[in-house]
Amino acid sequence: MCSGYRQKERITTARQPYAPRPTLSVRPLQPQDVHSGGNTSRRYRPCLRAVAVVWTLLAGGCISPQTAVTADVDPAGWDAAGKARVAFENTDSLRTCEIRIVLRYNGSAPSRTIPLVIETVTPDSLATTERVAVTVPAHRGMASAMDETSAAYRTGVRLGRTGQYVFTIYPAPGQAPVKGITAVGLEFI
């Protein structure tokens, strides 16, 4: 015997006695061979309808309306004097949403973080002011082409009153005018 070579062991099994295979007979399809949806499908129809109704309600509930409101600003130099005012008409006071800040910019916008001020006036005249920072990524493509970025502003927000919410967005005072920003706004998801 050579090294590295193993001889296969021979496995013997008890042989079954010869049994002839059954022959198949082919006949044309008969009407009784076709299931016509008799009693079996009638039993499941109410269940299938209930599943279809539940699925439709769930699918409809997952679709959330999305609204974006923007205002144009001076791309040559947007400063605190050039306040962008956007209004959002709230019709659902029970829905929670996410609010994102949207900046549209061109190739002359520097890649940096811009401090912004957002003033909010609610339908019942409650006014708030907040400072946020939005990072403008490097522009991709031609200098004249527009690009857009968005940053989370508020998540899980419920606008508790129906009516018009007015947002005023502008760069924080005391900084140089921001170049290349063409529009600013909010997106409600």
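Two residues are in contact when they have heavy atoms within 4.5 Å. By that rule, residues 24 or more positions apart account for 80% of the contacts in the chain with a separation of 6 or more. This is a predicted model, in which local features need pLDDT of at least 70 and side-chain atom pairs count only at pLDDT 80 or more, while totals for chains, interfaces and linings use all residues. Residues are numbered from 1 along each chain as its sequence is written, and side-chain values use heavy atoms, with hydrogens and water left out.

**Overall organisation**

- The chain contains one helix and eight strands; helices (H or I, at least four residues) and strands (E, at least two) are DSSP runs, numbered from the N terminus.
- Along the sequence, these elements follow the pattern α-β-β-β-β-β-β-β-β.
- Of the 189 residues in the chain, 28% are buried. Buried means under 20% relative accessible area, exposed means over 50%, and partly exposed lies in between (1.4 Å probe, protein chains only).
- The chain has an accessible surface of about 13700 Å², and carbon and sulfur atoms hold 55% of that surface. Accessible areas come from the Shrake-Rupley method with a 1.4 Å probe; for residues, only the protein chains shown count as cover.

**Salt bridges**

- The structure holds four salt bridges, each being a side-chain nitrogen of Lys or Arg within 4 Å of a carboxyl oxygen of Asp or Glu.
- One of them joins the side chains of Glu98 and Arg100, at 2.9 Å from N to O. Glu98 is partly exposed, with a relative accessible area of 23%.
- Another pairs Arg104 with Glu148, whose closest N and O atoms are 3.1 Å apart. Because Arg104 lies in strand E3 (residues 96-105) and Glu148 in strand E6 (residues 147-158), this pair ties together parts that are 44 residues apart in sequence.
- Arg104 is partly exposed at 29% relative accessible area, and Glu148 is likewise partly exposed, at 46%.
- Arg161 and Asp124 also form a salt bridge, with 2.9 Å between the closest N and O atoms. Arg161 lies in the loop between E6 and strand E7 (163-171), and Asp124 in the loop between strand E4 (113-121) and strand E5 (127-135), so the pair ties together parts that are 37 residues apart in sequence.
- Arg161 has a relative accessible area of 45% and is partly exposed; Asp124, at 40%, is partly exposed as well.

- Val134 is placed in strand E5 and counts as buried, at 1% relative accessibility.
- Val134 touches Ile101, Leu103, Arg112, Thr113, Ile114, Leu116 and Ala151, not counting residues up to four places away in sequence.
- Val134 and Ile101 are separated by 33 residues in sequence, yet their C-alpha atoms are 7.9 Å apart in space.
- Thr182 belongs to strand E8 (residues 181-188) and is buried, with 11% relative accessibility.
- Leaving out residues up to four places away in sequence, Thr182 touches Ala71, Asp72, Val73, Pro75, Arg104, Tyr105, Asn106 and Met146.

**Pocket and cavity**

- Rolling a probe the size of a water molecule over the atoms shows where empty space is left.
- On a 1 Å grid over the protein atoms alone, a cavity is a set of points where a 1.4 Å probe fits but cannot get out, and a pocket is an open set with protein on both sides within 12 Å along at least five of seven lines; lining residues have an atom within 4 Å of a point.
- Grid points are joined across faces, edges and corners, and a volume is the space filled by probe spheres set on the points.
- The largest pocket holds about 240 Å³ of space. Its lining has 15 residues, of which Thr120, Thr122, Val157, Leu159 and Tyr165 lie nearest the centre.
- Strands E5, E6 and E7 each supply at least two residues of this pocket's lining, and E6 gives the most, with four residues.
- The pocket lining divides into six nonpolar, four polar and five charged residues. Ala, Val, Leu, Ile, Met, Phe, Trp, Tyr, Cys and Pro count as nonpolar, Asp, Glu, Lys and Arg as charged, and the others, Gly among them, as polar.
- There is one cavity of 30 Å³ or more, and the largest cavity has a volume of about 40 Å³.
- Phe88, Asn90, Asp92, Arg95, Cys97 and Leu159 line the largest cavity; three of its lining residues are nonpolar, one is polar and two are charged.
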